[in-house]
Amino acid sequence: MITSIRGFNDILPPETTLWQHIEGAAREVFKVYGFSEIRVPVMEKTELFAKGIGDTTDIVEKEMYTFSDRNNESVTLRPEGTASVVRAYIEHRLCNMPCAKLYYIGPMFRYERPQKGRYRQFHQIGAEVLGISDPMSDAETLDMLLAFFKKIGLDDIELQLNSLGCKNCRPVYREKLKQFLSEKKEQLCDNCQRRIDTNPLRVIDCKSRKCVEVTDDAPSILDYICNECKTHFEEVKGYLYLFGAGYSINPRMVRGLDYYTRTTFEITSDKLGSQNAVAAGGRYDGLVRELGGPDVSGFGFAIGMERLAMLLKEGSGSTSHEAGIFIVCIGKEAETEGIRILKELRERSLRAEIGYHDKGIKGQMKMADKLGARFTLILGDDEISKREITFKDMKTGVQEKVDIEGIAERVIDEIAQVKKV
RNA sequence: GUGGGCGUAGCUCAAUGGUUAGAGCAUCGGACUGUGGCUCCGAGGGCUGGGGGUUCAAAUCCCCUCGCUCACCCCA
């Protein structure tokens with residue numbers, strides 16, 4: 001048996017309905033906030049990600065699907081969406097727009113060990129605002145994200161906010177923190193002892209109890225960011241209040257991508273297991289320039305579709321099928337008439353299916369039931385000779401013979417009745 | 001890359017080292033040849049993940065390997 005590749009999953013019918021619902025809600029909400037969809041390729045030149053994400057990050061160092069194509073060019077399946085969107089923004093001179101508010105939906109690829117909420121092919125809904133540095137934009141975009149979660153009925157989530165400062169003030173804090181950690185090195189977990197030099201910010205985000213205690217009085221980044229960054233952060237908080245968005249400050253939150261500056265955030269849920277962020281993002285003011293574009297700001301986020309679907313499945317399990325019609329035919333003549341009716345119902349946008357002959361009438365009824373049809377239309381010799389059709393309500397079991405002319409109207413009426421209740 | 005847990009029918013799971021590896025659900029058929037669900041009866045479906053070893057005898061014990069899963073790491 002040929003199976004799918006490790007970490008690459010099929011999404012099967014009952015669940016695809018949920019996915020469509022999620023995507024539809026995102027499109028609706030993003031639209032009213034003035035965003036437009038952008039579709040970018042799933043593969044890019046490797047250097048785009050190396051430059052954009054940072055070539056010492058874990059993603060670039062060991063998690064990318066990188067190949068040589070037949071021309072010996074190094075290409076990579078995108079591990080995230082922002083770099084591609086920024087590339088397209090520069091390539092097509094979208095900076096000529098007053099500001100670019102773009103969203104995308106699609107698969108991303110990272111070569112990691114799969115676990116709960118983490119897959120090698122996973123899907124993100126992302127949005128980016130390019131060309132605006134105003135803190136109101138941070139708040140507005142966060143408000144949009146929260147509006148989306150509200151729309152799909154997800155509560156029990158928390159918006160955690162932080163500022164990572166800019167390229168001027170972050171290194172100052174980093175040194176200060178390194179100093180602090182070095183003094184307490186022996187008390188940290190093995191992992192964090194190693195991290196003091198490679199990634200000190202990560203230490204204050206460590207979950208091990210030992211490290212949490214030791215870093216309790218560690219310097220906070222919010223005390224070290226420069227005045228400009230501080231002002232920006234304060235204004236973001238002020239605008240969040242105006243938009244009515246709730247949040248909590250988490251000065252220990254760290255992001256894994258190099259491009260983030262100033263505002264960063266995560267939306268978390270305690271129902272996701274170890275991978276507890278359902279969405280995350282932040283500001284990236286140097287990225288466009290870094291990738292060869294104008295010196296403009298950026299702000300964006302990405303939502304993890306698998307994680308979101310996981311949360312929504314926990315809640316309401318409404319699997320009720322749509323009201324549908326199933327046509328049972330006995331004999332060639334009935335079949336001819338049945339197909340005619342089938343076409344008519346479908347042209348009127350009704351969900352209609354027809355039985356296949358090799359099943360017999362019993363088999364066809366069974367199939368109607370399994371498919372969840374609310375009504376069946378039964379056509380046999382009796383009906384054909386009298387120009388009638390048997391109309392059966394599968395829920396109540398009640399059936400009657402009705403005139404074959406105008407059957408479509410009758411069905412539409414009945415379905416309208418059912419939907420009202 | 002490093003750990004832990006688990007691999008038995010399509011699915012969920014049974015089976016002290018000892019007959020022919022079982023059950024529920026699902027599938028198909030019958031009771032009910034123009035009527036689904038409910039009930040009853042029956043059928044199909046398995047190299048017990050794969051390979052090696054111990055033993056008179058292995059789903060069961062040992063080793064190797066592959067797969068899944070959770071966690072570390074990292075992240076959506």
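Domain bounds, as used below, come from an automatic or database domain assignment. The structure is a predicted model, in which local features need pLDDT of at least 70 and side-chain atom pairs count only at pLDDT 80 or more, while totals for chains, interfaces and linings use all residues. Residues are numbered from 1 along each chain as its sequence is written, chains are lettered from A and ligands numbered from 1 in the order in which they are written, and side-chain values use heavy atoms, with hydrogens and water left out.

**Exercise 1. State which domains are assigned to chain A and what distance separates their centres.**

Solution. The assignment for chain A gives domain 1 as 13-169 + 225-314 and domain 2 as 325-415. Taken over C-alpha atoms, the centres of domain 1 and domain 2 are 50 Å apart.

**Exercise 2. Describe the setting of strand S14 and its pairing partners.**

Solution. Strands (E, at least two residues) and helices (H or I, at least four) are DSSP runs numbered from the N terminus, and buried means under 20% relative accessible area, exposed over 50%, and partly exposed in between, with a 1.4 Å probe and protein chains only. Begin with burial: in S14 (residues 375-379), 5 of the 5 residues are buried, so the strand is largely enclosed by the rest of the structure. Next, take the side chains, where Phe375, Leu377 and Leu379 point one way while Thr376 and Ile378 point the other way.

Then turn to pairing, which requires that DSSP find at least two bridges between two strands. S12 (residues 325-329) runs parallel to S14, with 5 bridges joining them, and Ile327 stands opposite Leu377. With S15 (residues 388-393), S14 pairs in the antiparallel sense over 4 bridges, and here Phe375 stands opposite Asp393.

**Exercise 3. Work out which residues and elements meet RNA strand B.**

Solution. A residue is near the strand if one of its heavy atoms lies within 4 Å of it. There are 47 residues around RNA strand B, of which Arg6, Arg195, Arg202, Gly256 and Ser274 come nearest. By class, the surface has 12 nonpolar, 13 polar and 22 charged residues, where Ala, Val, Leu, Ile, Met, Phe, Trp, Tyr, Cys and Pro count as nonpolar, Asp, Glu, Lys and Arg as charged, and the others, Gly among them, as polar. On the RNA side, 52% of the atoms within 4 Å of the protein belong to sugar or phosphate, and the rest to bases.
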